[in-house]
Amino acid sequence: MASDEPLVVAHRGASAYAPEHTFAAWDLALEMGADYLEQDLQMTADGELVVLHDSTLDRTARGPAEACRGPVADQSLDALRRCEFGSWFNVAHPEHANPNYDGQPLPRLRDVLERYAGRARFYIETKRPDEAPGMEDALVGLLTEFNLTADSAAPPTVILQSFSAASLLKLRELAPDATLVQLLPGNLAAWAARNRLDEIAEYADGIGPQKDRVDRALVDAAHERGLVVHPYTVNQTPDLTRLIGLGVNGIFTDHPDVARKFVSSR
Ligand code: G3P
Ligand code: CA
């Protein structure tokens, strides 16, 4: 799945400038020229796939405490619809505050696909899938509904990622043609990551290492096995320069505008 130019993945949307995982953040990421919009998945008590990074609501949800605090998995979708996910950003980042961010709803994955299918690419992560049985089935069910499982586009319209190898193996079984990226923990040294590549190449198409764990030997070893390399989360120009110089195939960033300009000006 290698493409000529490094791909710009908007990490939780343009999350440096707008509240993460909201339509405001993804709209802005598209305006800024991102190649992919990222979604982290959680599952509600009634089995709905929603897009939120944290497994708990406390950091980014505001609203009635009984619905908007504690684990997402304890709440129904109806209860979560009483919460909003944007006002925290205006308080935390006054320099980027915008009244439109107040009241941003929790997006279901279905809502995201309905809004952007046909005009965006998606980079979807199964988050803590061991705690959410059925997450992979629900995900593939939804992708099938939107005709996104037999994806022959280059670069692919959908990339699926996880820190969990077990989750990726399930996805490979459910959607044999899906493009899969194995995320690597932030504390995994480059040499240790290299030792995992033979196994990863059996089921995945790429790796997502933490940016500071990437060296030339890791990039070369991944490429030798046909694996692309998409480090996270790259927000500073010196890191962009180093990683793109090493030949990575894409980067996750909170600043898709900066990355787009950098990639396009090379
Ligand atoms: O998916 C790549 C990167 O997003 C992993 O870290 O914690 O931001 O989901 P996290
Ligand atoms: Ca993620």
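**Calcium site and strand E4**

Me: In this predicted model, is Glu-38 buried or exposed, and what is its relative accessible area?
Reply: The cut-off for a buried residue is a relative accessible area under 20%. Glu-38 falls under it and is therefore buried. Its relative accessible area is 2%.

Me: Which residues are the protein donors of the calcium ion (ligand 2)?
Reply: The donor residues follow the sequence spacing E-x1-D-x84-E. Two of them link distant parts of the chain, with Glu-38 in strand E2 (residues 36-43) and Glu-125 in strand E4 (residues 122-126), 87 residues apart. The protein donors lie 2.1 to 2.4 Å from the ion and are Glu-38 (OE), Asp-40 (OD) and Glu-125 (OE).

Me: How is the site of the calcium ion (ligand 2) classed?
Reply: The site has six donor atoms, with angles of 57 to 159° among them. Six donors count as octahedral only if opposite donors are over 155 degrees apart and all others lie between 65 and 115.

Me: How many of the five residues of E4 are buried?
Reply: On one side of E4, Phe-122, Ile-124 and Thr-126 are buried, and on the other Tyr-123 and Glu-125 are buried. The donor Glu-125 has 3% relative accessibility. E4 is thus largely enclosed by the rest of the structure, and the number of its residues that are buried is five.

Me: Which residue in E4 is the bridge partner of Gln-39?
Reply: E2 and E4 run parallel and are joined by five bridges. E4 is also joined to strand E5 (residues 158-162), again in parallel, by four bridges. The E4 partner of Gln-39 is Ile-124.

Technical notes
Residues are numbered from 1 along each chain as its sequence is written. Chains are lettered from A and ligands numbered from 1 in the order in which they are written. This is a predicted model: local features need pLDDT of at least 70, side-chain atom pairs count only at pLDDT 80 or more; totals for chains, interfaces and linings use all residues. Side-chain values use heavy atoms; hydrogens and water are left out. Donors are N, O and S atoms within 2.8 Å of the metal (3.2 Å for Na, K and Ca); water is not among the atoms, so sites may look incomplete. Four donors count as tetrahedral if all angles lie between 85 and 135 degrees; four count as square planar and six as octahedral if opposite donors are over 155 degrees apart and all others between 65 and 115; anything else is irregular. Helices (H or I, at least four residues) and strands (E, at least two) are DSSP runs, numbered from the N terminus. Buried means under 20% relative accessible area, exposed over 50%, partly exposed in between (1.4 Å probe, protein chains only). Two strands pair if DSSP finds at least two bridges between them.
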